Amino acid sequence: MTGIDWGFILNQTLARSLDLNAAVYALAAVGLNVHFGYAGLLNFGQVGFVAVGAYGMGLAITLWQTGPFVAVLMGIGFAVVFALLLGIPTLRLRADYLAIVTIAAAEIVRLLARSTALRDVTRGAEGLNEFIGPFRELNPFNPSLLYGIGPFQYRGSQFFAIVIGWVVTLITLLLVWQLMRSPWGRVVKAIREDEDAARALGKNAYWYKLQALILGGVIGGLAGMVLAIGNATIQPDFFVAPLTFFFWLVLILGGVGRVWSPVVGSVIFWALITFMRNLGRALVTEGLIPTSIMDTSQIDQIQFWIVGIALALLMVFRPQGIFGSREEMALDAR
Amino acid sequence: MPAETTTGADVLAAVPHEPGAPKPDPIVVVDGMRKTFGGLVAVDVDHLEIQRGVITALIGPNGAGKTTFFNLLTGFDRPDTGHAVFDGKEIDGYRPYQLAGLGMVRTFQLTKSLTKLSVIENMKLGAKGQLGERFLPSLVTPLWRRQEREIEERAMELLRRFQLDHMRDEYAGTLSGGQRKLLEMARALMVEPKLIMLDEPMAGVNPALTQSLLEHVKRLPTEEGATVVFVEHDMDVVRDISDWVVVMAEGQIIAEGPHSSIGQNQAVIDAYLGAHHDAPLDADQEEEWLREDRLELGDVPPRREEP
Ligand SMILES: Nc1ncnc2c1ncn2[C@@H]1O[C@H](COP(=O)(O)OP(=O)(O)OP(=O)(O)O)[C@@H](O)[C@H]1O
Ligand SMILES: [Mg+2]
């Protein structure tokens, strides 16, 4: 018995809150924010865009031996095509059709990627690995050294992807911020509020919704590419449906329809998860929680319960999220 | 008769008081337009012309098909059959945004204010041909800054006229029902419409605002050069501002004429009261009956009080 190592727990919590996953979740949630927060589109399959972006980039290299930049463009292209496939048939219909189609389509992407029929292309459940070479060559950091300050120390191989992740997130946020203060953003928000009013005023609602779907989808695709570069692998079974709900959680936590909120949401989400996980482990290994109640292998499940409870509390006490405006929420009720 | 409407009435002086009457300069011509919902014939208009530059009232009992007819004309709904011409152009199959682009703008029976946009943003949305509404140009503020300023000036001018300028930065969702109607009308004017179609613009507006709203509508033809079609149940309002009245019942146009001719029209009386009435109505009786008609149907919009 050495007592709970609070220093270690705190260190871990801080480190993970800015780690690769935090950047990936933030990006994916920025995409959702464009969809739902600004355009009012219900996308329950954001993970599909993440997967499509990752696979687009990976396949460009493994199949066609492109360079890394062309590969990224391919990833973006895949996300655009995926958005068109989902949007063209559904965006003229009621909002729920898109929601249904996105859930299904994201699962189809995952099942296709791991199917034996496409084994020669996607390598099935094994996933893609050989795409990473060109990116490793670009990495200016020494893979075996640690980079960063204080608790935020990352190995060179990871650090590269983390930097890319946050830089891309920052650029994306600036893009979203500019769009949403422009007349383009005004039309998109108007469509969210009342599509018919926008149409009566001469706005082609269908076309704007399609643009928003593409934009948010491409941002999701970028999340997938950052993830693939950081993990040096693209595994189909990483892109499971619950991931979409974590992206939603991140968005709601930060506050829907605010430019910066997905970043704050993601950082807090990862800090919370890491803290719970490490605290739980410490409590069990220190014998403060008897193994008859819970052992370390069950911690990963418990942490999500606790996150769920935390989210429920948030909804009760601050339904607008951390950044959202209560005033705007109240308008919905009128 | 109010002075503002005499020009409109003059133009229509020679037009016969009968359904489908041809007009000297129609901005809208409708032929054989039919729309059914299941077995119900909601709209069945043989022929209708709407005169340019005047104020036309479209009246009729609840469920007559007025809103549906608006929806068909403005592209929000597709007719089963039929044919429409707007400003000399065939518009069959046009989508709402295309029609707005041609200058046909409508408001809705249930007000559609964009609650989480500010009043001024609501207004600016209405302006046509905004470069900043295109994706790539929107990224470069200098490309659209000047246009945005011009639009904002025009918007403020309209807001002042509609006495909403003090609300410019409030969320539209915080406005009262009447103010929302005002905002919706002002916003429609931002489109610079040739034809503005108002579906029950006075419903739910308090008496103090009704007068100012009416004044705005009256001035639209002269000040904005817009033709106005409006749906209204309150006969006071119809009398006050319309140059011409079109009466719908069960989907069909059953009468047309200046408001003075409508109260005497047997088809209209039958439509509102059921077929067994024979005495022509004077204005007060007619109004009372119209009012009872609404009461029976349990759908009374808040209306202005009698002075
Ligand atoms: N989408 C729809 N589906 C089925 N029936 C409809 C639909 N829209 C309208 N109707 C029916 O068509 C008829 C005409 O309705 P409409 O709303 O056009 O009447 P209105 O003249 O505007 O009435 P009000 O004065 O009450 O607004 C009504 O019987 C209505 O129930
Ligand atoms: Mg109606």
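**Reading the interface and the ligand site**

Analyst: Let us begin with the place where two chains meet. In this predicted model, 37 residues of chain B are in contact with 32 residues of chain A.

User: What area is buried between chain B and chain A, and what share of it do carbon and sulfur atoms give?

Analyst: Buried area is what two parts lose in accessible area on being put together, summed over both. Between chain B and chain A the figure is about 3200 Å², and carbon and sulfur atoms give 60% of it.

User: How many salt bridges are there between chain B and chain A?

Analyst: Side chains of opposite charge can pair when their charged atoms come close. Between chain B and chain A, four salt bridges are counted. One of them joins the side chains of E133(B) and K203(A), with 3.0 Å from N to O.

User: Which elements of chain B supply at least two residues each of the side that touches chain A?

Analyst: They are helix 3 (96–102), strand 6 (104–106), helix 4 (119–125), helix 5 (135–138), helix 6 (141–161) and helix 7 (177–190) of chain B. By class, that side of chain B has 18 nonpolar, eight polar and 11 charged residues.

User: How many salt bridges are there over all chains?

Analyst: The count over all chains comes to 32. An example is the salt bridge between the side chains of E148(B) and R186(A), at 2.9 Å from N to O. This pair crosses between chains: E148(B) lies in helix 6 of chain B, and R186(A) lies in helix 9 (residues 183–193) of chain A.

User: Let us turn to the ligand. Which residues come nearest to ligand 1?

Analyst: One reads a ligand site by listing the residues around the molecule and then looking at individual atoms. There are 14 residues around ligand 1, and N62(B), K66(B), T67(B), T68(B) and H233(B) come nearest. A polar side-chain atom of N62(B) is 2.8 Å from an oxygen atom of ligand 1. For K66(B), an N or O atom of the side chain is 2.8 Å from an oxygen atom of the ligand. G65(B) takes part through its backbone, with a polar atom 2.9 Å from an oxygen atom of ligand 1. On its own, ligand 1 has 630 Å² of accessible area, and the protein covers 63% of this.

User: Which element gives the most to the shell around ligand 1?

Analyst: Helix 2 of chain B gives the most, with three residues. Strand 2 (40–51) and helix 2 (66–73) of chain B each supply at least two residues of the shell. By class, the shell divides into five nonpolar, seven polar and two charged residues.

User: Finally, where is D87(B) found?

Analyst: Here one looks at the backbone angle phi. D87(B) is in the loop between strand 4 (81–86) and strand 5 (89–90) of chain B. Phi of D87(B) is near 55°, a positive value in a residue other than glycine. In chain A, A232(A) has phi near 60°, a positive value in a residue other than glycine. A232(A) is in the loop between helix 11 (205–231) and helix 12 (241–254) of chain A.

Methods
Residues are numbered from 1 along each chain as its sequence is written. Chains are lettered from A and ligands numbered from 1 in the order in which they are written. This is a predicted model: local features need pLDDT of at least 70, side-chain atom pairs count only at pLDDT 80 or more; totals for chains, interfaces and linings use all residues. Side-chain values use heavy atoms; hydrogens and water are left out. Contact means heavy atoms within 4.5 Å. Buried area is the accessible area (1.4 Å probe) that two parts lose on being put together, summed over both. Helices (H or I, at least four residues) and strands (E, at least two) are DSSP runs, numbered from the N terminus. Ala, Val, Leu, Ile, Met, Phe, Trp, Tyr, Cys and Pro count as nonpolar, Asp, Glu, Lys and Arg as charged, and the others, Gly among them, as polar. A residue is near a molecule or strand if one of its heavy atoms lies within 4 Å of it. A polar contact is a pair of N or O atoms within 3.5 Å; within protein, one must be able to donate a hydrogen and the other to accept it, and residues adjacent in sequence count only if both atoms are side-chain atoms. Accessible areas come from the Shrake-Rupley method with a 1.4 Å probe; for residues, only the protein chains shown count as cover.
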